[in-house]
Amino acid sequence: MLKLTPASVPRPADRRPIIGLAIAGGGPLGAIYELGALQAIDEAIDGVHMHDLDVYVGVSSGSFLTASLANRITATQMGRIFMSADDAEFQFQPEMFLRPALKEYLSRAKAVPSVIFDLIREAIRHPSRLAHLESLEGIARLVPTGLFDNHMIEHFLKGVLSRQGRSNDFRKLTAKLRVVAVELDSGQAVRFGEPGLDHVPISSAVQASAALPGLYPPVEIDGRFYVDGALRRTLHASVALKEGADLLIGINPLVPYDGDGVPRNGHAHSRMVQGGLPAVLSQTFRALIQSRMQVGMSKYEKEYPAVGMMLVEPNRNDEQMFFTNIFSYASRNELVDHAYQTTRKELLARADELEPFLETYDLGLNRSVLETPRSFHEAMREDAPYLAPVGNDLARTLDSLERLLRR
């Protein structure tokens, strides 16, 4: 699903357009979808690459991708890593992000004696409360704040960004990178990378932004605790708009599933009910995300009339996107290609609208690429893999030169 919002006010013609990219969260499933969509957009738009933009804003799993793109790591290079290709720069093992948070478990276990003592003291003082839920308040202190250890996220990304020609320091990037998290005690959104918060390592900021409550423990940075940035807003596109973006490209992988008109094979209940609590919770969460997204985009259209916006999302009736098992290796390969193909089809179907929309920003649409059948894995094979820092730097220089000449 592609939504285009042309600017209602012409931009200044005496300077080049500032292009921003905002990527929402969505867990492992969302990141794989975003990767396929990024590759499709990168191939289709002439005049710019997704790893050579001016402003990047990332939330949760989207922050992992924007941190890489801001370091000039291409979508295909990331694809090789996440798809565990033989020529990948790093070996990616999904299970590394699902290791139990043993440190968190131990810290809670140490509190058992004091909790038991408090419960006994409370029972002696107020015996009547034992029959009510009030007695469970003390036991809640023993429940871990997260199931899995998210230090591996920080460790893995730190290794990726430590290669020559890259940086784990916001201040050393040529592009502006903003990673959004939520400060736990205040509930306010925090934008790592802005002045005053740019000293935090990028890998630590991403770890904080992706700390989904219940799944990962809150992340401590400078004495404060942070959780998933999606708790406040879905895309945080306003961050890029405030940085002066003339064109904003947004990718949101989470939309509610619309099963109306889909055959139910004779069952009286919907697939949501058949899927149990996980499916119901997923649909509920997606509906909330979509509602906030629609409100935000309408607000941006009024507040930033000189900005053009291009939003890419899955189709509402996309069963594969909603019902895919995100922990299956085969499913990840199928899903990234599915996202790649559906995005290409949508771009081609809207080509007549896209071309004048992109021309405003000195960009073009490559119809021939979109009309040529290819898979995501074929696209990966055609793009040069990471060979050495010198070769990577040369490729970046040529990309920048190509962009300059096209302007």
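1. Start with the D318–H338 pair: in this predicted model, the two side chains make a polar contact at 2.7 Å. D318 counts as buried because its relative accessible area is 11%, and the cut-off for buried is under 20%. As for where D318 lies, look in the loop between β10 (308-312) and α12 (319-323).

2. Next, the strands around β8. Strand β8 (residues 224-228) is joined to strand β5 (residues 176-183) by three bridges, and the two run antiparallel. If you want a residue pair to find this on screen, take E183, whose bridge partner in β8 is Y226.

3. Strand β8 also pairs with β7 (residues 219-221), again in the antiparallel sense and over three bridges. Here the pair to click on is E220, which stands opposite F225 in β8. Strands β7 and β8 form a hairpin, and two residues sit between them. Have a look at D222 in that turn: its phi is positive, at about 55°.

4. A word on reading side chains in this part of the model. In a regular strand, side chains alternate between the two faces of the sheet. With that in mind, Y226 is the β8 residue bridged to E183, and F225 is the β8 residue across from E220.

5. Now the surface. Which residues form the nonpolar patch there? They are L277, V280 and L281, and together they have about 280 Å² of accessible area. One of them, V280, is found in helix α11 (residues 276-303). V280 counts as partly exposed because its relative accessibility is 37%, and that class runs between the 20% and 50% cut-offs.

6. Finally, some totals for the protein chain. The secondary structure comes to 17 helices and 11 strands. How many of the 407 residues count as buried? The share is 49%, and D318 from point 1 is one of the buried residues. The accessible surface is about 19,500 Å², with 57% of it belonging to carbon and sulfur atoms. On contacts, take those between residues at least 6 apart in sequence: 78% of them join residues at least 24 apart.

Notes:
Residues numbered from 1 in each chain as written. Predicted model: local features only at pLDDT ≥ 70, side-chain atom pairs only at ≥ 80, totals over all residues. Heavy atoms only, no water. Patch = residues over 30% accessible without salt bridge, like charges linked within 9 Å, V, L, I, M, F, W, Y side chains within 5 Å. Areas by Shrake-Rupley, 256 points an atom, 1.4 Å probe, with all protein chains shown as cover. Salt bridge = Lys/Arg side-chain N within 4 Å of Asp/Glu carboxyl O. Helix = DSSP H or I, 4+ residues; strand = E, 2+ residues; numbered from the N terminus. Buried < 20%, exposed > 50% of the residue type's maximum accessible area, 1.4 Å probe, protein only. Pairing = 2+ DSSP bridges. Polar contact = N/O pair within 3.5 Å; in protein donor to acceptor, adjacent residues only side chain to side chain. Contact = heavy atoms within 4.5 Å.
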